[in-house]
Structures are given as structure tokens and as C-alpha cells.
Amino acid sequence: MDSLEKELFGSDTESLDSRSDHGHDRHEDDLDLDDLVDTNLESEDPLFQSIMESTDDHDASFIASELLPQHTPHPHISGLCLHTHVLSHEDQSRLMQAIIAKNFFKGGEQNQAMCFGLRDLAWLDWLEALLKTSGTLSEPFCQRDWTAREPLFDQSIMNLYHPGNGIKPHVDLARFEDGIIIVSLLNAITMDFYPALHTMTATDPVDGGTNPYTQTSTTHREPAYSVRLEPGSIITMQGPARYEWEHGIQETTRDLVRDEWINRKIRVSITLRKMRPQAWEVGPATQNGVADRT
């Protein structure tokens with residue numbers, strides 16, 4: 001593993017712990033959201049207030065828009081690629097403004113929201129264009145057999161993570177096609193990867209895998225690899241990474257990053273996926289892709 005890979009992906013045994021309140025409060029890439037103050041968003045919104053309180057007052061030392069996007073395939077997980085410096089602070093603010101204005105999280109009362117269909121996803125049209133122009137969806141990082149499809153995605157999940165929140169290790173449901181995109185906003189977090197206890201294939205029945213969170217799968221396991229997701233970064237999963245590996249986020253208030261404890265702050269993610277044609281006929285739309293949040 002070369003120096004760049006070590007910096008982006010960490011060691012194979014990187015671990016997390018929530019037993020102490022010690023640790024640094026800020027990471028150099030965390031998003032400064034001062035731009036949101038000048039918008040027409042309702043300043044009394046509790047989620048807006050929580051976000052502002054979790055974000056440092058001073059400017060970040062790193063401005064993503066001044067750096068070129070970097071695309072780094074994972075050295076051990078085929079089909080997993082980390083794309084950094086893709087979204088500028090302005091891009092992230094634009095997404096957060098839309099998320100807050102659309103009240104997806106009901107002022108912080110819920111931690112997950114979903115959109116289905118092209119009309120509900122129209123607010124992300126510009127993001128799709130950015131992913132293409134930034135090279136994020138280019139070969140060899142992402143295979144054209146899914147990046148050239150129309151539409152690229154027709155389902156999204158927005159997740160809100162407060163410090164201590166997580167999501168159980170899982171493989172995304174069979175009702176979604178290959179090629180999954182996860183966008184990270186606001187603050188950094190560590191995502192863990194585990195060999196799947198029950199692998200999937202692209203041809204599995206769309207109604208399969210509706211309950212991947214069995215007692216065995218939710219029992220604590222040590223991750224095989226950990227990936228640090230900085231604000232403005234994107235990960236893409238295809239092939240083995242999508243079907244043969246579980247991904248999850250541990251319940252903890254801090255992450256161990258290169259031998260340094262970093263306290264978590266509020267993070268928002270957007271997951272973009274394409275429904276398989278048959279999946280629209282399986283169950284109510286609100287159950288198509290619900291993740292087991294902890």
C-alpha cells in the first residue's frame with residue numbers, strides 16, 4: 001500500500017472506540033457553513049441550529065475547490081473507489097440548503113429520508129452533471145456499463161448522523177442495480193467494510209435480501225478495512241464491492257485516524273442508486289431501500 005493509499009484508507013486494523021470524551025474537535029476538511037447563515041432558511045429550525053453549533057466558526061484551512069479531484073481505487077476491495085476533492089464548499093452548501101429547505105429530516109426529528117423517481121430527484125440534476133465532469137464516473141474507476149445508463153439513478157436516501165449514531169453492516173438490497181454512489185457532507189466519518197456473510201449477485205430476485213440484519217450479521221465484528229470519508233468526498237461501489245462486501249458505520253462519538261482520536265460532529269450523506277425495473281412492483285415505495293439505522 002503506497003503513501004497515498006495509507007493516507008486515504010488507513011491501516012487494515014484501524015479501530016473505533018467511544019469510551020472516552022478525549023480527542024480533537026476539528027478535522028482540517030470539515031465544512032464551514034457560514035454561507036448558510038445568509039440564506040432564506042428558517043434560522044430557528046432545530047436541525048439548522050444543530051448544524052451551525054457543530055461547525056467551527058473559522059474558515060477551514062483547506063478549500064476543496066482549489067484542489068483537483070483525486071480518484072483512488074481501494075487496494076484490497078475490488079470495485080470500491082474513493083473520490084476526494086470532488087465537491088467544493090459551495091457545492092456542499094448548495095446540497096445542504098436544499099436538504100434543509102425540503103425539510104427531509106423534519107427539523108432533526110428523523111434521521112433518514114428517501115426520494116423515488118425522476119421528479120423527486122430533480123434537485124440533484126446538477127450533482128449528476130458534476131460527477132461526470134469531475135471524472136468521478138469515468139473508467140477505470142467506474143464501469144461504463146452502469147455509468148452510461150439512463151437515468152443514472154432514480155432513488156436516493158439522505159441520512160443524518162449525530163455523534164454516536166451509526167448504521168449496521170449491510171449489503172444494499174437486491175432491488176437496486178450495480179453501481180452505488182455515496183456523498184459525504186458537513187463533517188468526516190469512518191466507514192467500515194466487512195466480507196459479506198451472505199453475498200449477492202446482480203441477478204438475485206429483487207424481493208430477496210429484504211432483511212439482511214440477522215442476529216449473526218448485527219453481532220459486533222472487527223472490520224477488515226476502514227475508509228475515512230471527508231466532507232465533499234464520494235465513494236462508489238460496483239461489482240464485488242457492491243455485492244460481496246458489507247459496509248457500515250460504528251456507533252461511536254469519535255474515530256481513530258492515523259493514531260489520533262477525532263471527535264465526530266453532525267454528518268449528512270446522500271446515497272444514489274438505480275432501482276431494477278422489477279423492483280417498482282415489489283412492496284410499497286417507502287420500504288424499497290430502508291436501511292437499519294442505529
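**Sheet and cores**

Strand 3 and strand 4, the latter covering residues 155-161, pair in the antiparallel sense over five bridges. Pairing requires at least two bridges found by DSSP; strands (E, at least two residues) and helices (H or I, at least four) are DSSP runs, numbered from the N terminus. Within this pair, Phe116 has Gln155 of strand 4 as its bridge partner.

Please note that this is a predicted model: local features need pLDDT of at least 70, side-chain atom pairs count only at pLDDT 80 or more, and totals for chains, interfaces and linings use all residues. Residues are numbered from 1 along each chain as its sequence is written, and side-chain values use heavy atoms, with hydrogens and water left out.

We turn now to the cores. A nonpolar core is a set of buried Ala, Val, Leu, Ile, Met, Phe, Trp, Tyr and Cys residues joined through side-chain atoms within 4.5 Å, where buried means under 20% relative accessible area with a 1.4 Å probe, protein chains only. Which residues of the largest core touch the most other members? They are Leu95, Ile99, Trp123, Leu127, Leu185 and Ile270, out of 34 residues. Helix 4 supplies the largest share of this core, five residues. A second, separate core has 18 residues, Tyr225 and Trp245 among them.

Conventions:
Buried < 20%, exposed > 50% of the residue type's maximum accessible area, 1.4 Å probe, protein only.
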